[in-house]
Amino acid sequence: MLITFEGIDGSGKSTQARRLYEHLKNMGYKVSLYRDPGSTPLAEKIRELVLDFETDPTTELLLFETARSSLVWERVFPDLKEGKIVIIDRFIDSTVAYQGYGREINLGTVNILNHIAIRGRKPDITFLLNVPIEIAFQRLGSKKTRFEDKSYLRRVRDAYILIAHQEKERIVLIDATKSEEEVFSEIIKHLRERFQISL
Ligand code: TYD
């Protein structure tokens, strides 16, 4: 099973992804946790590049997709084949939201490149942690990156909600203004109901 977490910076998705990973591991499931971009030597290098350099939107898009392709081929596919549960912090929907809606790259182009990078293997379930950008900014405090300009982030956040409505069967929209504990219980509840697994 492939599970992804999405949301704007400061939504708490990384915390929840890690919690789910620990929880599943403690229950005896074979599970791995990755971050996109990253989690292979090549993708980690690309992550550094993309965070360090301000490029034109298309170069940025291609870098993210190259990193994703490496992650999918070297980690995700082998793990899924072994029967592991794979959790990824960010994935295809980040690119639609940030590069597609945020940087206004043609959505058809973004979708094709996403499709190529993941070889058509979409996540089975995606948790979208939704918070107003004011709360995200408060949570981030001084830990801001170049991706966290306010009007840009607003477009990204609106885009995420749109994407969630377009793919209701895959994407679960979670109110992430709630406490860490409440958000986590909701995630577990959805996984139980959707996949009839004991958690
Ligand atoms: P993230 O891993 O959430 O970094 P951090 O944990 O340090 O906040 O993501 C890094 C940035 O990359 C984030 O601002 C979103 C951006 N991003 C894109 O613009 N497009 C993408 O396809 C992905 C995966 C991330």
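This briefing covers the sheet, helix packing, pocket, cavity and backbone of the structure above.

The model is predicted: local features need pLDDT of at least 70, side-chain atom pairs count only at pLDDT 80 or more, and totals for chains, interfaces and linings use all residues. Residues are numbered from 1 along each chain as its sequence is written, and side-chain values use heavy atoms, with hydrogens and water left out. An open sheet of 5 strands is paired in parallel. The structure also holds 1 cavity of 30 Å³ or more. Helices (H or I, at least four residues) and strands (E, at least two) are DSSP runs, numbered from the N terminus.

**Sheet**

- The strand order is E2-E3-E1-E4-E5. Two strands pair if DSSP finds at least two bridges between them.
- Strand E2 (31–35) and strand E5 (171–175) stand at the edges. Each has a single partner strand, so one side of each is left without a neighbour in the sheet.
- From one strand to the next, the twist averages 20 degrees.
- Strand E1 (residues 2–6) pairs with strand E3 (residues 85–89) in the parallel sense, over 4 bridges. Thr4 stands opposite Ile88 in E3.

**Helix packing**

- Two packed helices are described by the angle between their axes and the distance between the axes. Axes are lines fitted to C-alpha atoms, for helices over the stretch in contact, and angles run from 0 to 180 degrees between N-to-C directions.
- Angles under 35 degrees count as roughly parallel, over 145 as roughly antiparallel, 65 to 115 as roughly perpendicular and the rest as oblique.
- A crossing is right-handed if the near helix is turned clockwise from the far one by less than a right angle, and left-handed if anticlockwise.
- Helix H3 (residues 57–81) packs on H5 at an angle of about 25 degrees, with the axes 8 Å apart. H3 and H5 are therefore roughly parallel to each other. Their crossing is right-handed.
- H4 and H5 cross at roughly 155 degrees, and their axes come within 10 Å. The pair H4 and H5 is therefore roughly antiparallel. H4 passes H5 in a right-handed crossing.
- Helix H6 (residues 133–140) and H7 pack at about 125 degrees, with axes 10 Å apart. H6 and H7 are therefore oblique to each other. The crossing of H6 past H7 is right-handed.

**Second largest pocket**

- Pockets and cavities are found on a 1 Å grid over the protein atoms alone. A pocket is an open set of points with protein on both sides within 12 Å along at least five of seven lines. A cavity is a set of points where a 1.4 Å probe fits but cannot get out. Lining residues have an atom within 4 Å of a point.
- Grid points are joined across faces, edges and corners, and a volume is the space filled by probe spheres set on the points.
- The second largest pocket has a volume of about 240 Å³. It is lined by 14 residues, and the closest to its centre are Val96, Asn111, Asn114, Lys122 and Glu167.
- Helix H4 (92–102), helix H5 (107–118) and helix H7 (150–166) are the elements that give two or more residues to this lining. H5 gives the most, with 5 residues.
- By class, the lining of this pocket has 6 nonpolar, 4 polar and 4 charged residues. Ala, Val, Leu, Ile, Met, Phe, Trp, Tyr, Cys and Pro count as nonpolar, Asp, Glu, Lys and Arg as charged, and the others, Gly among them, as polar.

**Largest cavity**

- The largest cavity holds about 30 Å³ of space. Its lining is made of Ile8, Leu128, Leu129, Asn130, Val131, Arg157 and Tyr160.
- Strand E4 (125–130) and H7 are the elements that give two or more residues to the cavity lining. E4 gives the most, with 3 residues.
- The cavity lining divides into 5 nonpolar, 1 polar and 1 charged.

**Backbone**

- The peptide bond from Asp36 to Pro37 is cis, with omega near 0 degrees. Pro37 lies in the loop between E2 and helix H2 (41–52).
- Arg119 has phi near 50 degrees, a positive value in a residue other than glycine. Arg119 sits in the loop between H5 and E4.
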